[in-house]
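Student: I'd like a close look at one spot in this model. Pick a part and walk me through it slowly, please.

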Amino acid sequence: MKKRSIPDSEYKLVILYALSRLGPVTNMQLLQFMVELDLMNYFALQLNLSELQEQEQILEKPAPLGSLLTLGEKGEYTLTAFDHRLPSSTKEIIDAACLQWQSRFRREQQTLAESFTLSDGRMCIRLRLLEGSTALIDLMLTLDSTAAVPQLSEKWGRAAQAVYDAIMSRLGTNFDASVPPPALPETAALEQVDDQDWLLSLADTMPRPRMTLMLSVPDQGLALHYAARWQGCCDDMRTLLLELMNIQ
């Protein structure tokens with residue numbers, strides 16, 4: 001493939017234009033976009049990105065995945081004033097790729113996965129599905145194997161929505177708001193976060209759980225119903241989760 005040649009004077013405009021089309025992204029995501037589209041290398045990106053941040057043309061905002069880069073007002077002004085200096089061919093490359101990359105980046109920002117070794121040597125994975133800054137589910141699973149799970153983030157990104165739907169469906173079965181809610185079982189905890197949300201914490205066994213789950217629930221009665229159904233279906237949900245993520 002022929003190497004694209006972009007003058008140094010255009011690098012900042014390329015970065016600003018890419019951010020205007022992609023929306024908020026992490027430094028690593030922006031690097032992946034630039035390198036895979038052959039728009040610029042690591043050193044060119046970091047040098048120009050640093051200068052744009054110093055000039056407040058690009059801003060950082062905190063997020064669970066890490067700081068997100070976003071276009072500032074000064075960057076929007078620069079892009080509007082000097083947009084004509086960016087070749088149409090470069091814009092077309094970014095425009096053609098941005099929709100696919102946007103979907104990928106939003107999924108990465110909403111599905112967080114990590115693994116770590118417990119003090120007893122067992123492997124544990126933590127899986128989160130976010131909506132904005134709120135964790136819809138925060139799941140921790142202790143594995144029988146001590147080996148790290150390959151491609152954990154990619155597997156969770158593909159399976160997260162199906163896992164969330166399965167959890168909501170199974171825990172919510174037969175819920176009737178007119179029926180008095182059951183008592184909270186010993187393996188559950190419930191905390192009111194604000195006027196609209198409750199944080200429900202669930203464990204399969206105590207004191208050494210193999211699976212724990214935290215859910216953001218909009219209603220106390222529904223949260224208590226979820227807690228009452230949890231013990232009867234947590235083993236099946238663990239099996240389903242492992243199957244959906246292809247974890248042996």
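Tutor: Let's start at Glu51, which counts as partly exposed because its relative accessibility is 29% (buried is under 20% relative accessible area, exposed over 50%, partly exposed in between, with a 1.4 Å probe and protein chains only). Before going on, a caveat: this is a predicted model, where local features need pLDDT of at least 70 and side-chain atom pairs count only at pLDDT 80 or more, while totals for chains, interfaces and linings use all residues. Residues are numbered from 1 along each chain as its sequence is written, and side-chain values use heavy atoms, leaving out hydrogens and water.

Glu51 has a partner, Lys12, and the two form a salt bridge with their closest N and O atoms 2.6 Å apart (that is, a side-chain nitrogen of Lys or Arg within 4 Å of a carboxyl oxygen of Asp or Glu). Side chains of opposite charge can pair when their charged atoms come close. Lys12 sits in helix 1 and Glu51 in helix 3 (residues 42–54), so this pair links distant parts of the chain, 39 residues apart (helices are DSSP runs of H or I, at least four residues, numbered from the N terminus). Lys12, at 23% relative accessibility, is partly exposed too.

Val14, Ile15, Ala18 and Leu22 in helix 1 meet Leu30, Phe33 and Met34 in helix 2, where contact means heavy atoms within 4.5 Å. By class, that contact has seven nonpolar, no polar and no charged residues (Ala, Val, Leu, Ile, Met, Phe, Trp, Tyr, Cys and Pro count as nonpolar, Asp, Glu, Lys and Arg as charged, the others, Gly among them, as polar).

Technical notes. Helix = DSSP H or I, 4+ residues; strand = E, 2+ residues; numbered from the N terminus.
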